[in-house]
There are 2 protein chains.
Amino acid sequence: MTIKHTISATALRTIPMFQGIEADRLELIARCAGLRRVSRGTTVVQAGDLIDNVYFVLNGSLKVLVSDEDGREVILTMLGHGDVFGEMGVVDTEPRSATVTAVASSDLIVIAQADFRKILADNFEICLRIMCSLANRLRAADRKIESLALMDVYGRVARLLLDMAETRDGRSVVRRKISKQDIAKMIGASREMVSRVMKDLQSRGLLEETDEGLVLRDSIASL
Amino acid sequence: MTIKHTISATALRTIPMFQGIEADRLELIARCAGLRRVSRGTTVVQAGDLIDNVYFVLNGSLKVLVSDEDGREVILTMLGHGDVFGEMGVVDTEPRSATVTAVASSDLIVIAQADFRKILADNFEICLRIMCSLANRLRAADRKIESLALMDVYGRVARLLLDMAETRDGRSVVRRKISKQDIAKMIGASREMVSRVMKDLQSRGLLEETDEGLVLRDSIASL
DNA sequence: TTTCAAGCGTGATATGGGTCACATATACTC
DNA sequence: GAGTATATGTGACCCATATCACGCTTGAAA
C-alpha cells in the first residue's frame with residue numbers, strides 16, 4: 001500500500017468537505033493526511049475489517065458493496081470526487097460493514113481515524129458537513145429501499161439512470177461509463193434482465209446510446 | 001397539537017443521547033424542549049413537509065414510512081424509547097423524506113431545529129452521538145438493501161424476527177407486538193405471503209407463539 | 001497475433017411470490 | 001350489543017424475473 005505524505009492544503013481544498021475552512025486549520029489537517037493511489041480492482045477496505053482510516057476521494061471511482069456467502073453482490077453506492085468513506089468508524093467501534101473497491105484507478109486522501117476525531121473536535125463546521133453527508137447517504141439508502149420494495153425492474157433501471165444523469169444542453173445524459181453487470185448489482189436484478197429492459201427502452205425511444213453517453217427521454221421518469 | 005413546555009433535565013436524562021451531559025448544560029437544553037403526546041395513528045411529520053423540529057422518543061412506538069402514488073407503503077424503521085428523528089433537517093434544508101406515524105400513543109420531546117443547532121455547536125459530545133445514530137441507521141438501511149436484493153421472503157422474515165428479538169432466559173423472543181401487515185411492509189412482501197411463511201415456520205417448529213411473545217429457534221437464522 | 005478474461009444478447013424454462021377473492025376473526029365506537 | 005373498521009387465513013391463478021445455457025464481442029495481456 002503506497003501512501004505518500006505529501007498532501008497540500010490546496011489538494012484538500014478541492015474536496016467540498018474542506019472548502020471554506022481557514023487556511024491555518026487546513027494546514028494542520030493536511031499534516032495528518034496521506035495520499036494513496038489505487039488501481040482498478042484494488043480493494044481499499046474489506047467488510048469485517050477493523051476500522052483504521054478515513055478516506056476522501058480525490059478522483060477516480062469506487063464501489064461500495066456487500067456480498068453474501070455464495071458471492072452474490074449488491075452495490076450500495078458508487079463513490080467519486082469529493083466523497084468520504086470510513087467516517088462511520090470514527091464515531092463508533094463497529095467493524096466495516098461493506099467492502100470498497102476501485103472500479104478505476106483513483107487517488108485517495110487518507111487520514112487516521114484518531115487524527116480525524118481530533119479534527120472533528122476542533123472544527124464544528126466539518127462536523128456538520130460529515131453529518132450532512134451521512135444524512136444524504138441515509139436518504140439515498142432509504143430511497144433505494146423504497147424502490148426495491150415497490151418498483152419493478154423497469155422502474156428501478158429508469159430511476160437509477162435518472163439519478164446518474166446530468167443535464168447536458170437540455171437533455172439528461174448519463175456520461176459515466178457503467179457496465180450492465182454493475183447496474184444489475186445496484187438495483188438488485190439479474191444482468192440478463194437489465195439487458196432486456198434496456199434494449200426494450202431503446203426500442204421504445206426512451207433511451208439512446210450516443211458517444212456522449214446514454215441520453216434519456218423525459219418520459220422515462222414515468223416508468 | 002399539544003406541546004407542554006415542562007421538560008425537566010431529569011426527563012432528558014432518560015434518553016441515552018443526553019446521558020453523561022453535565023447538569024447545567026442539560027438544564028439549558030431542557031429550557032428549549034417541549035413535550036408532545038400523540039395518540040395511536042397520529043402522523044407527527046409528513047414526507048415533503050419543511051423541517052421544523054427535532055424529536056426524541058420518550059416512550060411509545062412510531063413507524064417511519066414512505067409510500068408511492070398508489071398508496072403502497074414501506075416501513076423504513078420503527079422508533080422507540082431513546083430514538084431521534086428530524087435531526088437530518090438540522091444539517092441541511094431538504095424537506096422531510098419520510099412520514100412518521102405513532103403506532104401506539106407516545107411521548108415525544110420536541111426541540112426547534114434552530115435551538116438544536118445551537119445545542120450541537122455547544123456540545124461536541126452530542127454532536128458525536130448524533131453522528132453515531134446516523135451511522136447506525138445507515139448501517140441498518142444498508143443491511144435492509146442487502147436483504148431485499150439477495151434474500152427471499154423466508155430469509156427476510158427470519159432476519160427481521162431475529163433483529164427484533166431479545167434474549168430471554170436463553171431463548172430469542174420477540175416481545176413487541178407487531179401486525180403481519182406491518183411485517184410485510186417492513187420487508188417488502190405481501191401480507192398474504194408473510195402469513196403463509198410464518199405458518200410454515202411454526203409448523204416446522206422454528207417459531208412458536210406463546211403469551212411471552214414469538215419464540216424463535218436458533219436454526220431459524222440459517223434461512 | 002494468439003489467448004484469456006469480462007462483458008453482453010437472447011431464447012427457453014421454471015418458479016417465487018404478487019394479486020384477487022373470499023370467509024373469519026378481533027377490536028373499537030356509539 | 002350492534003355495527004363498522006381493521007387484521008387474518010387460505011386457495012387459485014398467473015406473471016415478472018431468476019436461472020440456465022448458449023455463442024458472440026471486446027479489450028487487455030502475453
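Visitor: Which of the 17 residues around DNA strand C come nearest?

Guide: This is a predicted model; local features need pLDDT of at least 70, side-chain atom pairs count only at pLDDT 80 or more, and totals for chains, interfaces and linings use all residues. Residues are numbered from 1 along each chain as its sequence is written, chains are lettered from A and ligands numbered from 1 in the order written, and side-chain values use heavy atoms, without hydrogens and water. A residue is near a strand if one of its heavy atoms lies within 4 Å of it. Of the 17 around DNA strand C, those that come nearest are Lys180(A), Arg191(A), Ser195(A), Lys199(A) and Ser190(B).

Visitor: What share of the atoms of DNA strand C within 4 Å of the protein is sugar and phosphate?

Guide: Take the phosphate oxygens. One is 3.0 Å from a polar side-chain atom of Lys199(A), and one is 2.8 Å from a side-chain N or O atom of Ser190(B). Sugar and phosphate make up 53%.

Visitor: Which element gives the largest share of the surface near DNA strand C?

Guide: Helices (DSSP runs of H or I, at least four residues; strands are E, at least two; both numbered from the N terminus) are named here. α7 (180–187) and α8 (191–203) of chain A, with α8 (191–203) of chain B, each supply at least two residues. The largest share, five residues, is from α8(A).

Visitor: How is chain B laid on chain A, and what relation is that?

Guide: Copies are superposed by least squares on C-alpha atoms of residues with pLDDT of at least 70 in both. The turn is 180 degrees, the shift along the axis 0.0 Å and the RMSD 0.1 Å. That is the relation of a two-fold axis.

Visitor: How far apart in sequence are the parts tied by Asp107(A) and Arg37(A)?

Guide: Their side chains meet in a salt bridge at 3.0 Å, N to O (a side-chain nitrogen of Lys or Arg within 4 Å of a carboxyl oxygen of Asp or Glu). Asp107(A) lies in β7 (99–112) and Arg37(A) in β2 (33–38), so the pair ties together parts whose separation is 70 residues.

Key:
A polar contact is a pair of N or O atoms within 3.5 Å; within protein, one must be able to donate a hydrogen and the other to accept it, and residues adjacent in sequence count only if both atoms are side-chain atoms.
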